[in-house]
Amino acid sequence: MSYRIALAGNPNSGKTTLFNALTGSNAHVGNWPGVTVEKKEGLYKGKISKETISIVDLPGIYSTSPYSPEEIIARNYIINEKPDAVINIVDATNLIRNLYLTTELIEIDIPVVIALNFVDVLEKENIEFDVAVLEKALGVKVVPISAHRKKGLDDLMKAVIDVTSKKSIGSSILEKSSIGNEINQIIDILAQKKVFSPVYSAIKLLEGDKPLEDNLQLDDNTKQFINNIRDSLSKDQDIEAVVADLRYNYISSNCQKAVKKAKQLKEMSKSDKADKILTHKIWGLPIFFLIMFAMFFLVFGEFEIGNVTIMMPGVLLATGVEWLIGSIGGWLTEFLTYVNASDWSIGLVVDGIYGGVGAVFGFAPYILVMYLLISILEATGYMSRAAFVMDRAFRKFGLSGKSFVPMLMGFGCSVPAVMGARTLENENERRLTIMVTPFMSCGAKLPIWLFMTAAFFKGMTATLVIFAIYVLGIVMAIITGLIFNKFVFKKHSSPFIMEMPAYRAPDIKTLLRILLDKLKGFAKRAGTIILLSSIIIWFLQSFNFSFKMVENPDDSMMAAIGGVLAYIFKPLGFGVWQAAFAILSGFIAKEVVVSTFGTLAGVGDPLEDEGLMEQVKTWITTAGIFVSPLSAFCFMAFNLLAPPCLAAIGTISQEVKSRKWTAIILLYQLAIAYIVSLLIYGIGNLIMLIF
Amino acid sequence: MTLKDLKVGQCCTVEKVAAQGILKRRFFEMGITPGTEIYLRKVAPLGDPIQISLRGYELSIRKAEAENIIIKNIED
């Protein structure tokens with residue numbers, strides 16, 4: 001025998017921790033077919049039973065009403081796939097709200113076991129709880145557990161295996177309520193029709209659940225019968241309100257007693273006390289910015305004391321990885337030379353494959369450290385506070401408070417930033433956030449600004465130009481928000497109803513698992529899309545159209561392609577093939593733009609050597625690529641706003657999970673880059689003409 | 001009066017939820033049903049959203065949503 005068990009519960013009830021504790025490292029993470037909600041399935045690793053038990057982690061939901069994608073998936077899974085049992089995880093410190101979902105789950109004809117989580121927190125605060133009260137009130141087995149301490153898990157699985165073999169008939173707390181009579185009438189008729197879960201279906205039909213009604217395919221007489229009951233009940237009351245109210249009242253009067261001391265309305269918990277400072281009317285904002293700055297600093301920070309450079313974890317790791325990539329590259333060349341490999345094969349392997357993939361891997365440490373810190377903020381519960389504090393400001397241009405964090409991360413690297421937009425539930429806000437995040441000037445674009453300003457601007461102007469570029473990105477993000485909110489998303493304004501979960505210490509194992517998943521995903525991307533494009537770019541810049549290797553890149557296919565593209569860039573002030581070539585190569589990784597100028601100047605990578613940098617600067621100012629400092633600035637603006645590097649583009653397509661939206665986002669970025677550069681060039685020239 | 005007009009530190013009882021569709025549903029499943037007691041714990045630094053305490057937990061909603069909750073029995 002093999003069993004399938006579904007794991008259902010509220011968000012923040014410790015579901016992920018319990019799932020990880022039960023399944024260990026053998027879970028598959030994917031997506032539910034056709035939707036962006038994550039699907040996790042794993043085999044139970046404990047030794048309670050000889051049977052194979054697979055556990056499916058359903059998305060966190062507050063009820064089984066058919067509105068959000070999460071609710072639809074969770075409900076359809078239970079109703080259509082009919083798992084052998086459902087583990088309903090319940091947060092013992094937030095019992096009343098959590099049990100609302102429970103009252104719905106026990107109505108379905110599938111055995112339910114309640115995993116009462118965070119009992120260790122109650123014990124710590126000397127709050128007594130009585131499992132028997134809950135079991136009596138709800139009629140199902142209740143097992144106290146602590147998911148992150150891995151306590152009670154064996155008892156839980158014993159109880160689960162015990163119920164899987166038993167047939168379960170759903171029962172409802174509403175059957176004996178003021179509308180019990182009507183409910184029982186509907187249950188009877190549904191039972192006659194041999195409908196699955198007559199109790200659950202009866203109540204949902206009474207509430208006017210259209211998708212379920214369609215799914216049941218009832219005959220017209222039955223439909224009419226149910227409609228009559230519903231109409232007579234809803235004459236002077238709102239049935240949905242009555243049902244919700246009855247559920248909550250039942251929980252309050254029968255289940256609340258299970259915990260000897262529930263939090264009173266005005267009472268301050270430890271979390272509330274922490275919030276008194278963290279979301280304070282005056283201090284809330286400065287503290288928020290301080291936390292964001294600290295996060296940023298831990299990833300990208302580096303400073304000097306005397307002549308010692310102190311590097312923060314992100315930079316330290318990245319430096320190590322860079323060194324490793326550099327060394328391996330060196331050995332690779334030596335090895336290939338030693339075995340007398342041909343020049344073209346050394347070029348392909350070292351510059352093409354290894355160089356391209358290595359350049360992207362150099363970013364992995366930043367991404368991982370950033371992701372770890374964000375996961376910690378998420379796990380502790382601070383993310384909800386950040387959204388609470390920033391929501392008003394972001395609301396103004398069609399984003400949500402939850403958009404702030406991804407956008408801030410965008411200044412570091414768009415890849416984790418775009419992934420960070422996952423915390424946004426609203427599809428439109430998420431797409432908008434993903435669309436504008438790459439406008440934040442990322443770390444890899446900085447070398448472009450430094451190089452270009454050093455060549456074309458002097459002293460204070462250079463600093464101002466770099467500052468202007470950063471501001472331009474932020475302004476374009478705001479303008480984009482305003483445009484899309486006014487013309488594209490106008491019909492969809494989603495409510496902002498967000499739980500403020502209690503602050504909790506993050507679970508280290510869950511964090512490590514998140515990191516490992518990210519690393520795997522990253523390696524997979526580097527091994528596929530980036531590998532392929534690196535080879536293609538190398539090929540284009542090393543060969544001509546008769547597939548002969550060229551000495552001078554001027555004769556390469558890339559020069560020819562760049563030459564065609566150059567016409568497009570002419571109105572922006574940099575209509576030469578080298579600039580077009582640099583922009584194209586920038587799609588692989590933005591720092592490649594500067595290296596490309598180095599290659600084109602025929603001196604090597606200017607990022608590696610100060611002296612070379614001077615030569616490249618002299619070359620670029622005299623080669624006539626940029627006719628004026630203004631055209632150089634337009635080139636910078638284009639690189640800032642144009643679609644990001646391949647790694648980020650890949651992430652965007654992975655996160656929006658829609659070809660149409662990936663295309664819209666990339667085309668929009670391309671259009672904005674072109675229009676803004678064109679405007680800057682046109683208006684700039686006009687101003688210069690006048691003065 | 002609606003929940004939007006409640007002052008920080010005040011308590012009230014929900015009289016009616018005047019929302020429709022998904023918003024009404026959300027309120028109900030989060031425990032905002034007629035008769036529920038709500039305490040306004042704080043307002044965000046920029047004036048919106050608000051943080052309320054009900055049924056033993058904390059919830060944040062925007063004022064635009066709070067306007068749909070009709071309240072009575074306001075006390076300090």
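**Note on the predicted two-chain model**

1. A search over all chains of the whole structure finds 29 salt bridges.

2. One salt bridge pairs the side chains of A:Arg504 and A:Asp91, at 3.1 Å from N to O. A:Arg504 sits in the loop between β10 (497-499) and α23 (508-542) of chain A, while A:Asp91 belongs to strand β5 of chain A, so the contact ties together parts that lie 413 residues apart in sequence. A:Asp91 has a relative accessible area of 5% and is therefore buried.

3. A:Lys193 and A:Asp219 form another salt bridge, with their closest N and O atoms 3.2 Å apart. Both ends are in loops of chain A: A:Lys193 between α7 (180-192) and α8 (198-206), A:Asp219 between α9 (210-216) and α10 (220-233), so the parts tied together are 26 residues apart in sequence. A:Lys193 is partly exposed at 41% relative accessibility, and A:Asp219 is partly exposed at 34%.

4. Which salt bridge joins the two chains through B:Lys24? The partner of B:Lys24 is A:Asp238, and their side chains meet at 2.9 Å, N to O. B:Lys24 lies in helix α1 (residues 21-29) of chain B and A:Asp238 in the loop between α10 and α11 (239-255) of chain A, so this pair joins two chains. B:Lys24 counts as buried, because its relative accessibility of 7% is under 20%. A:Asp238, at 30%, is partly exposed.

5. The B:Lys24 to A:Asp238 contact is part of a network of salt bridges that share partners. From chain A the network takes in A:Glu71, A:Glu104, A:Lys204, A:Glu207, A:Asp238 and A:Glu240. From chain B it takes in B:Lys24, B:Arg25, B:Arg26 and B:Glu29.

6. Chain A has 691 residues, of which 54% count as buried. Chain A contains 30 helices and ten strands. Along the principal axes, the C-alpha atoms of chain A fill a box of roughly 90 × 60 × 55 Å.

7. Strand β1 (residues 2-9) of chain A has six of its eight residues buried, so the rest of the structure largely encloses it. β1(A) runs parallel to strand β4 (residues 52-57) of chain A, to which six bridges join it; A:Ser2 has A:Thr52 of β4(A) as its bridge partner. β1(A) also runs parallel to strand β5 (residues 85-91) of chain A, here with five bridges, and A:Leu7 stands opposite A:Ile87 of β5(A).

8. In chain B, is strand β3 (residues 50-54) enclosed or open? Five of its five residues are buried, so the strand is largely enclosed by the rest of the structure. The cover is on both faces: B:Ile50, B:Ile52 and B:Leu54 are buried on one side, and B:Gln51 and B:Ser53 are buried on the other.

9. β3(B) pairs with two strands of chain B. Four bridges join it, antiparallel, to β2 (residues 37-43), with B:Lys42 opposite B:Gln51. These two strands form a hairpin with six residues between them, and B:Gly47 in the turn has a positive phi of about 95 degrees. Five bridges join β3(B), again antiparallel, to β4 (residues 57-61), where B:Leu59 is the bridge partner of B:Ile52. The β3(B) and β4(B) hairpin has two residues between the strands, and B:Arg55 there takes a positive phi near 45 degrees.

10. A nonpolar surface patch of about 930 Å² is made by A:Ile675, A:Leu679, A:Ile683, A:Leu686, A:Ile687, A:Leu689, A:Ile690 and A:Phe691. One of these, A:Ile690, lies in helix α30 (residues 659-690) of chain A. A:Ile690 has a relative accessible area of 63%, so it counts as exposed.

11. A positive surface patch is formed by A:Lys45, A:Lys47, A:Lys150 and A:Lys509. A:Lys150 is in the loop between β7 (141-144) and α6 (153-164) of chain A. At 37% relative accessibility, A:Lys150 is partly exposed.

Key:
Residues numbered from 1 in each chain as written. Chains lettered and ligands numbered in written order. Predicted model: local features only at pLDDT ≥ 70, side-chain atom pairs only at ≥ 80, totals over all residues. Heavy atoms only, no water. Patch = residues over 30% accessible without salt bridge, like charges linked within 9 Å, V, L, I, M, F, W, Y side chains within 5 Å. Areas by Shrake-Rupley, 256 points an atom, 1.4 Å probe, with all protein chains shown as cover. Salt bridge = Lys/Arg side-chain N within 4 Å of Asp/Glu carboxyl O. Lys, Arg positive; Asp, Glu negative; His and termini not counted. Charge placed at Lys NZ, Arg CZ, Asp CG, Glu CD. Buried < 20%, exposed > 50% of the residue type's maximum accessible area, 1.4 Å probe, protein only. Pairing = 2+ DSSP bridges.
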